[in-house]
Amino acid sequence: MDSTVRVLAVDDHEMTTLGYKYILEDSEFNDFNVKVEIAKSFEKGKAKIELSKRAIPYDIILLDIQLFSIESKDPRTGIDLGILAREEVPKSKVVFMSSYSDNYRINNIFKKVNPDGYMVKSEIDELSLKSMVETIRNGSSYYTASALAAIRRRMSSDITIDDQDQKILYHLSQGIHTRDIAPLIGSANTTVEARKRQLKALFDIKNGNDLALINEAKNRGFL
(Lines give C-alpha, C1' and ligand atoms only; values in the text may rest on other atoms or scores of the structure.)
Protein backbone atom coordinates (compact mmCIF):
# COMPACT_ATOMS: atom_id res chain seq x y z
CA MET A 1 0.00 0.00 0.00
CA ASP A 2 1.33 3.47 -0.90
CA SER A 3 2.89 5.22 2.08
CA THR A 4 1.41 8.58 1.08
CA VAL A 5 -2.30 9.37 1.45
CA ARG A 6 -3.22 12.10 -1.03
CA VAL A 7 -5.96 14.46 0.12
CA LEU A 8 -7.79 17.27 -1.69
CA ALA A 9 -9.55 19.79 0.57
CA VAL A 10 -12.12 22.11 -1.07
CA ASP A 11 -13.53 25.04 0.91
CA ASP A 12 -14.13 28.67 0.01
CA HIS A 13 -12.50 29.68 3.30
CA GLU A 14 -8.80 29.18 2.64
CA MET A 15 -7.89 29.32 6.32
CA THR A 16 -10.04 26.24 6.87
CA THR A 17 -8.27 24.17 4.23
CA LEU A 18 -4.87 25.42 5.40
CA GLY A 19 -5.83 24.24 8.89
CA TYR A 20 -6.59 20.75 7.56
CA LYS A 21 -3.31 20.79 5.63
CA TYR A 22 -1.09 21.84 8.54
CA ILE A 23 -2.73 19.45 11.00
CA LEU A 24 -2.70 16.38 8.76
CA GLU A 25 0.74 16.91 7.25
CA ASP A 26 2.23 17.46 10.72
CA SER A 27 0.46 14.48 12.30
CA GLU A 28 2.31 11.24 12.90
CA PHE A 29 0.74 8.11 11.45
CA ASN A 30 2.01 4.58 11.94
CA ASP A 31 2.78 3.53 8.38
CA PHE A 32 1.99 6.44 6.10
CA ASN A 33 2.11 10.21 5.73
CA VAL A 34 -0.42 12.66 4.36
CA LYS A 35 -0.09 15.19 1.54
CA VAL A 36 -2.88 17.77 1.27
CA GLU A 37 -3.72 19.94 -1.74
CA ILE A 38 -6.24 22.73 -1.35
CA ALA A 39 -8.79 24.44 -3.58
CA LYS A 40 -10.76 27.49 -2.50
CA SER A 41 -13.45 27.57 -5.19
CA PHE A 42 -15.81 25.28 -7.06
CA GLU A 43 -13.90 25.77 -10.32
CA LYS A 44 -10.50 25.00 -8.81
CA GLY A 45 -11.86 21.95 -7.00
CA LYS A 46 -13.47 20.69 -10.21
CA ALA A 47 -10.26 21.23 -12.17
CA LYS A 48 -8.16 19.34 -9.62
CA ILE A 49 -10.60 16.42 -9.53
CA GLU A 50 -10.68 16.18 -13.34
CA LEU A 51 -6.87 16.44 -13.52
CA SER A 52 -6.47 13.68 -10.94
CA LYS A 53 -8.48 11.36 -13.18
CA ARG A 54 -5.74 11.65 -15.82
CA ALA A 55 -2.91 11.42 -13.27
CA ILE A 56 -3.17 9.94 -9.78
CA PRO A 57 -6.63 10.08 -8.16
CA TYR A 58 -6.79 11.49 -4.65
CA ASP A 59 -7.26 8.97 -1.87
CA ILE A 60 -9.63 11.31 -0.01
CA ILE A 61 -11.57 14.38 -1.16
CA LEU A 62 -12.81 16.71 1.60
CA LEU A 63 -15.73 18.90 0.54
CA ASP A 64 -17.49 21.83 2.13
CA ILE A 65 -21.13 22.16 1.07
CA GLN A 66 -21.44 25.91 0.58
CA LEU A 67 -18.72 27.07 -1.82
CA PHE A 68 -20.13 30.49 -2.66
CA SER A 69 -21.46 33.36 -0.59
CA ILE A 70 -25.23 33.70 -0.49
CA GLU A 71 -24.90 37.01 -2.38
CA SER A 72 -23.29 35.30 -5.39
CA LYS A 73 -26.52 33.44 -6.29
CA ASP A 74 -24.36 30.60 -7.67
CA PRO A 75 -26.29 27.35 -7.13
CA ARG A 76 -23.28 25.02 -7.35
CA THR A 77 -22.26 23.35 -4.12
CA GLY A 78 -19.91 20.76 -2.70
CA ILE A 79 -22.68 18.25 -3.37
CA ASP A 80 -22.22 18.88 -7.10
CA LEU A 81 -18.49 18.30 -6.69
CA GLY A 82 -19.24 15.10 -4.78
CA ILE A 83 -21.41 13.84 -7.64
CA LEU A 84 -18.65 14.78 -10.09
CA ALA A 85 -16.04 12.93 -8.02
CA ARG A 86 -18.21 9.80 -7.90
CA GLU A 87 -18.42 9.86 -11.71
CA GLU A 88 -14.85 10.87 -12.58
CA VAL A 89 -12.75 9.29 -9.81
CA PRO A 90 -14.89 6.54 -8.23
CA LYS A 91 -11.94 5.15 -6.26
CA SER A 92 -11.49 8.42 -4.37
CA LYS A 93 -13.21 8.54 -0.98
CA VAL A 94 -15.52 11.53 -0.47
CA VAL A 95 -15.93 13.14 2.95
CA PHE A 96 -18.07 16.21 3.63
CA MET A 97 -16.82 18.81 6.11
CA SER A 98 -19.72 21.14 6.85
CA SER A 99 -21.23 23.37 9.49
CA TYR A 100 -24.65 21.89 8.65
CA SER A 101 -25.82 19.26 11.12
CA ASP A 102 -29.56 19.09 10.39
CA ASN A 103 -31.10 15.81 9.28
CA TYR A 104 -32.50 17.23 6.05
CA ARG A 105 -29.17 18.33 4.60
CA ILE A 106 -27.21 15.31 5.81
CA ASN A 107 -29.71 12.77 4.53
CA ASN A 108 -30.07 14.66 1.26
CA ILE A 109 -26.31 14.40 0.78
CA PHE A 110 -26.38 10.67 1.50
CA LYS A 111 -29.14 10.20 -1.04
CA LYS A 112 -27.30 12.11 -3.78
CA VAL A 113 -23.66 11.27 -3.13
CA ASN A 114 -23.51 8.46 -0.54
CA PRO A 115 -20.24 9.82 0.89
CA ASP A 116 -17.66 7.84 2.81
CA GLY A 117 -17.84 10.26 5.72
CA TYR A 118 -19.40 13.40 7.15
CA MET A 119 -17.81 15.71 9.72
CA VAL A 120 -19.66 18.60 11.35
CA LYS A 121 -17.16 21.46 11.55
CA SER A 122 -17.94 22.32 15.17
CA GLU A 123 -16.82 18.78 16.06
CA ILE A 124 -13.59 18.80 14.06
CA ASP A 125 -10.29 18.89 15.91
CA GLU A 126 -6.81 17.47 15.47
CA LEU A 127 -7.73 14.06 16.87
CA SER A 128 -10.89 13.67 14.77
CA LEU A 129 -9.10 14.70 11.59
CA LYS A 130 -6.39 12.13 12.20
CA SER A 131 -8.95 9.46 13.10
CA MET A 132 -10.96 10.24 9.96
CA VAL A 133 -7.97 9.67 7.67
CA GLU A 134 -7.01 6.44 9.43
CA THR A 135 -10.57 5.13 9.34
CA ILE A 136 -11.19 6.03 5.69
CA ARG A 137 -7.82 4.56 4.66
CA ASN A 138 -8.74 1.30 6.35
CA GLY A 139 -11.90 1.06 4.26
CA SER A 140 -14.50 2.17 6.80
CA SER A 141 -16.80 5.20 6.96
CA TYR A 142 -16.28 8.06 9.41
CA TYR A 143 -18.89 10.35 10.99
CA THR A 144 -18.74 12.84 13.82
CA ALA A 145 -21.34 12.51 16.57
CA SER A 146 -23.96 14.92 15.19
CA ALA A 147 -23.81 13.43 11.70
CA LEU A 148 -24.13 9.90 13.03
CA ALA A 149 -27.09 10.90 15.22
CA ALA A 150 -28.88 12.40 12.21
CA ILE A 151 -28.35 9.23 10.18
CA ARG A 152 -29.55 6.99 13.00
CA ARG A 153 -32.69 9.05 13.64
CA ARG A 154 -33.65 8.78 9.99
CA MET A 155 -32.91 5.05 9.83
CA SER A 156 -35.02 4.37 12.93
CA SER A 157 -38.16 5.74 11.27
CA ASP A 158 -40.44 3.30 9.47
CA ILE A 159 -42.13 6.13 7.57
CA THR A 160 -41.15 6.94 3.99
CA ILE A 161 -41.89 10.28 2.35
CA ASP A 162 -41.00 11.58 -1.10
CA ASP A 163 -38.79 14.52 -2.07
CA GLN A 164 -41.69 16.97 -2.35
CA ASP A 165 -42.88 16.16 1.16
CA GLN A 166 -39.30 16.48 2.42
CA LYS A 167 -38.94 19.90 0.82
CA ILE A 168 -42.24 21.09 2.29
CA LEU A 169 -41.13 20.05 5.77
CA TYR A 170 -37.79 21.75 5.33
CA HIS A 171 -39.26 25.05 4.10
CA LEU A 172 -41.82 25.04 6.92
CA SER A 173 -39.01 24.52 9.42
CA GLN A 174 -37.28 27.59 7.98
CA GLY A 175 -40.33 29.72 8.79
CA ILE A 176 -41.58 30.01 5.21
CA HIS A 177 -45.35 30.38 4.88
CA THR A 178 -47.32 27.75 3.01
CA ARG A 179 -48.33 30.20 0.28
CA ASP A 180 -44.66 30.91 -0.43
CA ILE A 181 -43.60 27.25 -0.53
CA ALA A 182 -45.59 26.36 -3.67
CA PRO A 183 -43.39 28.32 -6.14
CA LEU A 184 -40.23 27.02 -4.43
CA ILE A 185 -41.16 23.42 -5.21
CA GLY A 186 -42.97 24.02 -8.50
CA SER A 187 -46.40 23.16 -7.18
CA ALA A 188 -49.79 24.70 -6.44
CA ASN A 189 -50.90 26.05 -3.07
CA THR A 190 -53.70 23.49 -2.92
CA THR A 191 -51.19 20.68 -3.49
CA VAL A 192 -48.97 21.94 -0.67
CA GLU A 193 -51.96 22.11 1.68
CA ALA A 194 -53.04 18.59 0.68
CA ARG A 195 -49.56 17.23 1.28
CA LYS A 196 -49.42 18.90 4.67
CA ARG A 197 -52.68 17.19 5.64
CA GLN A 198 -51.30 13.85 4.46
CA LEU A 199 -48.10 14.37 6.46
CA LYS A 200 -50.07 15.16 9.60
CA ALA A 201 -52.09 12.00 9.12
CA LEU A 202 -48.93 10.01 8.44
CA PHE A 203 -47.30 11.34 11.61
CA ASP A 204 -50.55 10.80 13.55
CA ILE A 205 -50.95 14.50 14.39
CA LYS A 206 -54.52 15.24 15.34
CA ASN A 207 -55.69 18.85 15.16
CA GLY A 208 -52.09 20.06 15.13
CA ASN A 209 -50.67 23.19 13.52
CA ASP A 210 -47.54 23.53 11.41
CA LEU A 211 -45.34 23.75 14.51
CA ALA A 212 -46.62 20.36 15.67
CA LEU A 213 -45.83 18.94 12.24
CA ILE A 214 -42.31 20.37 12.33
CA ASN A 215 -41.64 19.05 15.83
CA GLU A 216 -42.85 15.56 14.94
CA ALA A 217 -40.78 15.59 11.75
CA LYS A 218 -37.72 16.47 13.83
CA ASN A 219 -38.49 13.70 16.33
CA ARG A 220 -38.70 11.18 13.51
CA GLY A 221 -35.46 12.33 11.87
CA PHE A 222 -36.84 14.10 8.82
CA LEU A 223 -35.52 17.55 9.85
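Accessible areas here come from the Shrake-Rupley method with a 1.4 Å probe.

**Figure 1. The whole chain, seen in a predicted model.** By that method, the accessible surface of the protein chain comes to about 11900 Å², and carbon and sulfur atoms hold 49% of this surface. The chain has ten helices and six strands. Its C-alpha atoms fill a box of roughly 60 × 35 × 30 Å along the principal axes. Of the 223 residues, 43% are buried. Among contacts with a separation of 6 or more, 65% join residues 24 or more positions apart. If you like to think about charge, there are 32 positive and 33 negative charges in the chain, and their mean positions are 4 Å apart.

**Figure 2. Helices α2 and α3 side by side.** Here you can follow helix α2 (residues 42–54) and helix α3 (residues 78–88), whose axes come within 10 Å. The axes cross at roughly 10°; angles under 35 degrees count as roughly parallel, and α2 and α3 are therefore roughly parallel to each other. On the α2 side, the residues to look for are F42, G45, K46, I49, E50 and K53. They meet D80, L81, L84, A85 and E88 in α3.

**Figure 3. Helices α7 and α9 crossing.** The axes of helix α7 (residues 163–173) and helix α9 (residues 189–202) also come within 10 Å, but cross at roughly 90°. From α7, the contact uses Q164, D165, I168, L169 and L172; from α9, it uses V192, R195, K196 and L199.

**Figure 4. A closer look at Q164 in helix α7.** Is Q164 buried, partly exposed or exposed? Its relative accessibility is 22%, so Q164 counts as partly exposed; buried would mean under 20%. Which residues does Q164 touch, leaving aside its neighbours within four places in sequence? Those contacts are with I185, S187 and R195. R195 is also one of the α9 residues in the contact between α7 and α9. For a sense of distance, find F42, which is 122 residues from Q164 along the chain. The C-alpha atoms of Q164 and F42 are separated by 28 Å, and F42 is one of the α2 residues that meet α3.

**Figure 5. Helix α4 and the residue N114 that follows.** Helix α4 covers residues 103–112. Its buried residues are N103, Y104, I106, N107, I109 and F110. After α4 comes N114, and here the backbone is worth a glance: phi of N114 is positive, near 50°.

Notes. Residues are numbered from 1 along each chain as its sequence is written. This is a predicted model: local features need pLDDT of at least 70, side-chain atom pairs count only at pLDDT 80 or more; totals for chains, interfaces and linings use all residues. Side-chain values use heavy atoms; hydrogens and water are left out. Helices (H or I, at least four residues) and strands (E, at least two) are DSSP runs, numbered from the N terminus. Buried means under 20% relative accessible area, exposed over 50%, partly exposed in between (1.4 Å probe, protein chains only). Contact means heavy atoms within 4.5 Å. Lys and Arg count as positive and Asp and Glu as negative; His and the chain ends are not counted. The place of a charge is taken as NZ of Lys, CZ of Arg, CG of Asp or CD of Glu. Axes are lines fitted to C-alpha atoms, for helices over the stretch in contact, and angles run from 0 to 180 degrees between N-to-C directions. Angles under 35 degrees count as roughly parallel, over 145 as roughly antiparallel, 65 to 115 as roughly perpendicular and the rest as oblique.
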